[in-house]
Amino acid sequence: MDYDSILDRLDKMDVEAFTTLDTPDMYKMIVVGGSGLILLGTISRATQDIDAIDASPEIQHLLAKYDANLRVSTYINNFPYNFEDRLVLLPVGGRKILFYTASLEDIVVAKLYSARDTDRQDVISESVLKKSTGRNCGILLWMKMRRWQVR
Amino acid sequence: MRELTFRGFLSSYIKQLSVNDTVDLQTLAREAITDNPRLKAPLLLYAVEYEKIHLLKEKIPKGENAAELIHMLDALSEQNVRDELENGKLPEEYQKVWNSYLVRKNAPKRDGDLKDKMRDKILALQQQKNCTNYRIYTDLKLNPGNVNSWLKNGNSAKVSFKTAEKILDYVAGY
């Protein structure tokens, strides 16, 4: 599943929310993990499911149908306490659901905090490190300076 | 359209996950125990589905994480994997793969049902806003016959999903 495929599924989720939820309210979903990195354009690996750290309660019943889940919300403490100040709005949806990702730096911090090999793999990706060029990002610059190694 | 099988899904998924774009067991095994740990669960399920457990075991190269992969394979091979997956009884890394398969398999029906919901919403909005089919197909430059066939008669095959979305967005903003 690549960038366009993820956006397509999020768009359909938004359409379904728009056609079935008869309220004037807008809802929100925050994508993180591998899908977040794909949507930020930093990696392009295969992933099937979409990890969300938060989704409005009114739309949570839609997630499974589009292979999205809130499993990673149990790891919310891996994210900086104010990560919501740096959310990135995604160019999809907007009829009923606003989709965001956490910022690149916040996703990287959360993955560094994780004990899983799979998370480490994403973080040491050359494209993630390259993305830090010219940005005042302490953690990514630190990693580049240390020539972050897998082993 | 032929229904997607679990085997077919696994075959395509492990190829996508593989940095070498392959279904060669030796290459996949090496990747799984070195720099592509994401491959582990789908690869093991693939070996079970295709009855290649022994073959995969032979192909796992000696190395730091080989024992772990062999242990995972042994644990899986002792179970009725399909039943366990269907009942949600396997560890999360395997259930995720199974859930993704089910979503992919059911996507055509899901999208067909969604198109019907879009039609219902469009008809409701048309009534509220007094927006005619003529307005829709003229302003969006769509085929009048197809639009009428879908909106009047519910003939879903006459418009694509993208066109249905265009119509929905147009009427919502009318």
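Start with chain B and select its two domains: the centres of domain 1 and domain 2 of chain B, taken over C-alpha atoms, are separated by 46 Å. Domain 1 covers residues 6–78 and domain 2 covers residues 109–172. Keep in mind that this is a predicted model.

**Chain B as a whole**

Buried residues account for 28% of the 174 residues of chain B.

Colour by secondary structure next. Chain B has 10 helices and 0 strands. Along the sequence, the pattern reads α-α-α-α-α-α-α-α-α-α. Take the contacts in chain B between residues at least 6 apart in sequence: 61% of them join residues at least 24 apart.

Colour by confidence before going further. The average pLDDT of chain B is 93, and 100% of its residues score at least 70. For the complex, the predictor gives an ipTM of 0.90 and a pTM of 0.87.

**Stop 1: helix α3 of chain B**

Select residues 40–49 of chain B. This is helix α3, and 9 of its 10 residues are buried. The buried residues of α3(B) are B:K40, B:A41, B:P42, B:L43, B:L44, B:L45, B:Y46, B:A47 and B:V48.

Now step just past the helix. B:E51 has a positive phi of about 55° there.

**Stop 2: two loops of chain B**

Select B:N130. It sits in the loop between α7 and α8 (133–139) of chain B. Is B:N130 buried or exposed? B:N130 is exposed, because 8 other C-beta atoms lie within 10 Å.

Move on to B:K141. This residue lies in the loop between α8 and α9 (144–153) of chain B. B:K141 is not a glycine, yet its phi is positive, at about 55°. B:K141 has 6 C-beta neighbours inside 10 Å, so it counts as exposed.

**Stop 3: the sheet of chain A**

Switch to chain A. Chain A has 6 helices and 5 strands. Read along the sequence, its pattern is α-β-α-β-β-β-β-α-α-α-α. Of its 151 residues, 41% count as buried. Among contacts in chain A between residues at least 6 apart in sequence, 60% join residues at least 24 apart.

Select the strands. The 5 strands of chain A form an open sheet in the order β3-β2-β1-β5-β4, with mixed pairing. At the edges stand β3 (68–69) and β4 (88–93) of chain A; each has a single partner strand, so one side of each has no neighbour in the sheet.

Zoom in on β1, residues 27–32 of chain A. Of its 6 residues, 5 are buried, so the strand is largely enclosed by the rest of the structure. Look to each of its partners in turn:

- Strand β5 (residues 97–101) of chain A pairs with β1(A) in the parallel sense over 5 bridges. Pick A:Y27 and find its bridge partner in β5(A), A:I97.
- Strand β2 (residues 50–55) of chain A pairs with β1(A) in the antiparallel sense over 4 bridges. Pick A:V32 and find its bridge partner in β2(A), A:D51.

Stay on A:D51. Its bridge partner in β3(A) is A:N69. β2(A) and β3(A) run parallel and are joined by 2 bridges.

**Stop 4: where the chains meet**

Show both chains again. How many residues does each chain give to the contact? Chain B gives 17 residues and chain A gives 15 residues.

On the side of chain B that touches chain A, select α1 (6–17), α7 (92–129) and α10 (161–172) of chain B, the elements that give two or more residues. The largest share of this side, 10 residues, comes from α7(B). Colour this side of chain B by class to finish: it has 6 nonpolar, 3 polar and 8 charged residues.

Terms used:
Residues numbered from 1 in each chain as written. Chains lettered and ligands numbered in written order. Predicted model: local features only at pLDDT ≥ 70, side-chain atom pairs only at ≥ 80, totals over all residues. Contact = placed C-beta atoms within 7 Å. Nonpolar A, V, L, I, M, F, W, Y, C, P; charged D, E, K, R; others polar. Buried ≥ 20, exposed ≤ 12 C-beta atoms within 10 Å, placed from the backbone. Domains from an automatic or database assignment. pLDDT = per-residue confidence, 0-100. Pairing = 2+ DSSP bridges.
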